[in-house]
Amino acid sequence: MKKINIAVDGPAAAGKSTIARLVASELGMVYVDTGAMYRAITLAHLAQPVLDFETLVQKINLKIVNDNGQKIYLNDEDVSERIRENDVTLNVSYVASQKAVREKLVGIQQELTAAKGVVMDGRDIGTQVIPDAELKVYMIASVTERAERRLKDNQQRGIEANFEDLVKDIERRDHLDMTREISPLVKANDAIEIDTTGMTIEAVKDKIIALAREII
Ligand code: C5P
């Protein structure tokens, strides 16, 4: 079996993490959620807002443990759940637009994918992090459906949310991510677009598995 990397990009709450995790598990690959890394740095920034980003990324210790799912540690503290809370979500696109932050994280992500065998999801994976990925998927879905999915997700996590606020947050983050100067969210030329509106998780997963099986 050929060892490959799979890049999964797309706008906020399009179901990328859920699908990427399932695909990785079924294909015996490692799943990496890069949004969690930007969220962890955002948490560090919120704790020390006066620090410039270059100093901040030098000071913090980020550890990612990937074992059928992902745990993320900021200075040895498990922040995997904390980074899903609203204060982080509200500020993450601003932090992710900073050059020092992107350089640091893209470097870590490229190390993680160097030996192949990784399903990585984010915004710039197919364009910047692994432009040579053997399979690139660009997942989209209607804003309404994305907000509904996020609402369920937040409710399960015990995070306060309402539908209208989620629609606004998703639209705001998409706009910031798509219009930022460095590595904006854009579909790679060779990415396969999947509109997951109205599709079940199972159906999206099976579609990506089928695409992967054509090349492994
Ligand atoms: O995937 P998730 O919604 O958790 O990502 C949170 C934020 O992190 C995104 O809205 C985006 O601003 C940033 N991000 C990014 N590049 C990535 C992954 C996430 O800029 N590769």
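**Before you start**

The model is predicted: local features need pLDDT of at least 70, side-chain atom pairs count only at pLDDT 80 or more, and totals for chains, interfaces and linings use all residues. Residue numbers start from 1 along each chain as its sequence is written, and side-chain values use heavy atoms, with hydrogens and water left out.

Helices (H or I, at least four residues) and strands (E, at least two) are DSSP runs, numbered from the N terminus. Two strands pair if DSSP finds at least two bridges between them. Axes are lines fitted to C-alpha atoms, for helices over the stretch in contact; angles run from 0 to 180 degrees between N-to-C directions. Contact means heavy atoms within 4.5 Å.

**Stop 1: the five-stranded sheet**

Select E2, E6, E1, E7 and E8. In that order they form an open sheet with parallel pairing. The edges are E2 (30–33) and E8 (192–195), each pairing on one side only. On average, neighbouring strands here are turned by 20° against each other, direction ignored.

Now pick E7, residues 135–140. Four bridges join E7 to E8, and the two run parallel. Show tyrosine 138: its bridge partner in E8 is glutamate 193.

H2 (residues 34–47) lies across E2 and E6 (118–122), at about 40° to E2. H5 (residues 99–113) also packs on the sheet and touches E2 and E6. The direction of H5 makes about 155° with that of E6.

**Stop 2: H2 against H5**

Keep both helices on screen. The axes of H2 and H5 are 11 Å apart, and the packing angle is about 145°. Their crossing is right-handed. (A crossing is left-handed if the near helix is turned anticlockwise from the far one by less than a right angle, and right-handed if clockwise.)

Show side chains on H2: Thr34, Met37, Tyr38 and Ile41 make the contact. On H5, the partners are Val101, Arg102, Leu105, Val106, Gln109 and Leu112. By class, this contact has seven nonpolar, two polar and one charged residues. (Ala, Val, Leu, Ile, Met, Phe, Trp, Tyr, Cys and Pro count as nonpolar; Asp, Glu, Lys and Arg as charged; the others, Gly among them, as polar.)

**Stop 3: the three-stranded sheet**

H2 lies across E3 and E4, at about 25° to E4. The three strands form an open sheet in the order E3-E4-E5, paired antiparallel. E3 (62–66) and E5 (77–78) are the edge strands, each pairing on one side only.

Zoom in on E4, residues 70–74. Two bridges join E4 to E5, and these strands run antiparallel. Tyrosine 73 stands opposite aspartate 78 in E5.

**Stop 4: H4 against H8**

Select H4 (residues 86–96) and H8 (residues 163–179). Their axes lie 9 Å apart at an angle of about 15°. That makes H4 roughly parallel to H8. (Angles under 35 degrees count as roughly parallel, over 145 as roughly antiparallel, 65 to 115 as roughly perpendicular and the rest as oblique.) H4 passes H8 in a left-handed crossing.

Thr89, Leu90, Val92 and Ser93 make the contact from H4. H8 supplies Asp169, Arg172, Arg173, Leu176 and Asp177. The classes are three nonpolar, two polar and four charged residues.

**Stop 5: the aromatic pair**

Show the rings of Phe, Tyr and Trp (its six-membered ring); they pair if their centres lie within 6.5 Å, and planes under 30 degrees apart count as stacked, over 60 as edge-to-face and the rest as tilted. The count is one aromatic pair. Phenylalanine 53 and tyrosine 94 have ring centres 5.9 Å apart and planes at 70°, so the pair is edge-to-face. Phenylalanine 53 is in H3 (residues 53–59) and tyrosine 94 in H4, so the pair ties together parts 41 residues apart in sequence.

**Stop 6: H1 against H9**

Finish with H1 (residues 16–27) and H9 (residues 201–213). Their axes come within 9 Å and cross at roughly 50°. H1 and H9 are therefore oblique to each other. The crossing is right-handed.

From H1, show Thr18, Ile19, Leu22, Val23, Glu26 and Leu27. They meet Ile201, Val204, Lys205, Ile208, Ile209, Ala212 and Arg213 in H9. This contact divides into nine nonpolar, one polar and three charged residues.
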